[in-house]
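Dear colleague,

My notes on what was found in it follow.

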Amino acid sequence: MHNQLPAPGADALEHSARLSARIATEIRDAGGWLGFARFMELALFAPGLGYYSGGSHKFGPDGDFVTAPEISPLFGRALAAQVLQIMEASAPELIEVGAGTGALACDLLLELEARGCLPAQYGILELSGELRVRQAEAIQARVPHLAGRVVWLDALPENFSGCVLANEVLDVMPVQLVVWRDGAIFERGVVLDAAGEFAWQDRPAAGRLLAAAEALPVDMPEEGEYLSEICLAAQAWVAEWASCIERGALLLIDYGYPQAEYYLPSRSSGSLQCYYRHRAHPEVLLWPGLNDITSFVDFTAIATAAHEAGFSVAGYTSQASFLQNCGVLELLGSVGPSDSPAYLRAARAALRLVAPHEMGELFKVLLLTRGLDEAWLGVLRGDRTHAL
């Protein structure tokens, strides 16, 4: 498969080799076997070497993938309507987790300014120093008069009231790989083969992972194996937010399914995927540090963990329904005459956000609240909380 991918340059391969050596050392130190969740964590976030911390160009047409804010500012403008409602019901504070290029921050700030409801502070919780620089540059270029409201955070706040937003954050949290085979449940990890290359190896699942796997709606295959993912890290992360949000909401936007769809028999190969220069491929052990590694989100597990930690599950719907509830079509109509080039460009972009065969159905929105009881704009129609 990797023969069909664009060949990395010499510098990129050398960068990947340094990260591979780091991972190999950790495998040896761990006794020869490393759970995939730790491999994924290092591949994406190892300081100075991981995909998100090593300086590679990730977002946009020249990167490896395009997110909704890069597709159209209409995404952020519509999202602002829900953010505004949350802040009005709680406090005028906003935190964005994993702000990417800063495009969404700029769009939200501009729209909230136009609506007369700017946050007192726009916090960005970002682990990547390289992305912090890009975000600051984008904000200075597009909204310099609002730059003073933006601060970068190193950790979750101890206490917070307001709105917390995470767009395409859960999908890159490290997942455990679980295999159902021969009447038993295994965890898949990474070892070094005789040539020193990364290879797969399974061992019996245990502890919290085994308990989580046994609770899933997966039928043991009569022959062959069933492979899927469990993201204990995402469940713990959501619970951590519940401990610090006093009055407010956590708004999660990502691609995924409820458990009834996530663990269908037809999904026996799991959802783990890599992205390299806009090409999706399954070789997750290839070129560590050069590929984005993602997994679909199990929204039932997230909602369950959130509820157990003290959140209320206020709504769950498709991105299409959410954006339409928040007025994306009305915003599109304000771009200009329907036969103008600007409108036609905006309409094509908006279609990517809401069309079922594009992002509209694949992406979901989960709204979690604490201390609030409102009829939330984004889930007034099309709510699928019952499906969780």
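**Salt bridges**

Across the whole structure, which is a predicted model, a search finds 13 salt bridges. Side chains of opposite charge can pair when their charged atoms come close. A few of the pairs are described here.

One of the salt bridges joins the side chains of Asp154 and Arg132, with an N to O distance of 2.7 Å. This pair links distant parts of the chain, 22 residues apart: Asp154 is in the loop between β4 (150-153) and β5 (160-167), and Arg132 is in helix α6. Asp154 has 64% relative accessibility and therefore counts as exposed, the cut-off being over 50%. Arg132 counts as partly exposed because its relative accessibility is 21%.

Arg181 takes part in a salt bridge with Asp202, where the closest N and O atoms are 2.9 Å apart. Here too the pair links distant parts of the chain: Arg181 belongs to strand β6 (residues 176-181) and Asp202 to strand β8 (residues 198-204), 21 residues apart. Asp202, at 22% relative accessibility, counts as partly exposed. Through salt bridges that share partners, Arg181, Asp182, Arg188, Asp202 and Glu225 are joined into one network.

Most residues other than glycine have a negative phi. Asp182 sits in the loop between β6 and β7 (184-192). With a relative accessible area of 69%, Asp182 is exposed.

Glu168 also has a positive phi, near 55°. Its place is the loop between β5 and β6. Is Glu168 buried or exposed? Glu168 counts as buried, because its relative accessibility is 17% and the cut-off for buried is under 20%.

**Helix packing**

Two packed helices are described by the angle between their axes and the distance between the axes.

Helix α1 (residues 10-29) packs with helix α2 (residues 36-45) at an angle of about 150°, and their axes are 10 Å apart. That angle makes α1 roughly antiparallel to α2, since angles over 145 degrees count as such. The crossing of α1 past α2 is right-handed. On the α1 side the contact is made by Leu19, Arg22, Ile23 and Glu26, and on the α2 side by Arg38, Phe39, Leu42 and Ala43. Sorted by type, the residues of this contact are 5 nonpolar, no polar and 3 charged.

Helix α5 (residues 103-114) and helix α6 (residues 129-142) have axes that come within 9 Å and cross at roughly 35°. The crossing of α5 and α6 is right-handed. From α5, Ala103, Cys106, Asp107 and Leu110 meet Ala138, Ile139 and Arg142 of α6. The residues of the contact between α5 and α6 comprise 5 nonpolar, no polar and 2 charged. Helix α6 also holds Arg132, the partner of Asp154 described above.

**A buried threonine**

Thr369 is part of strand β16 (residues 363-370). Which residues are in contact with Thr369, leaving aside its neighbours within four places in sequence? They are Gly248, Ala249, Phe311, Ser312, Ala314 and Trp376. Thr369 has a relative accessibility of 2% and so counts as buried.

Regards

Methods:
Residues are numbered from 1 along each chain as its sequence is written. This is a predicted model: local features need pLDDT of at least 70, side-chain atom pairs count only at pLDDT 80 or more; totals for chains, interfaces and linings use all residues. Side-chain values use heavy atoms; hydrogens and water are left out. Axes are lines fitted to C-alpha atoms, for helices over the stretch in contact, and angles run from 0 to 180 degrees between N-to-C directions. Helices (H or I, at least four residues) and strands (E, at least two) are DSSP runs, numbered from the N terminus. Angles under 35 degrees count as roughly parallel, over 145 as roughly antiparallel, 65 to 115 as roughly perpendicular and the rest as oblique. A crossing is left-handed if the near helix is turned anticlockwise from the far one by less than a right angle, and right-handed if clockwise. Contact means heavy atoms within 4.5 Å. Ala, Val, Leu, Ile, Met, Phe, Trp, Tyr, Cys and Pro count as nonpolar, Asp, Glu, Lys and Arg as charged, and the others, Gly among them, as polar. A salt bridge is a side-chain nitrogen of Lys or Arg within 4 Å of a carboxyl oxygen of Asp or Glu. Buried means under 20% relative accessible area, exposed over 50%, partly exposed in between (1.4 Å probe, protein chains only).
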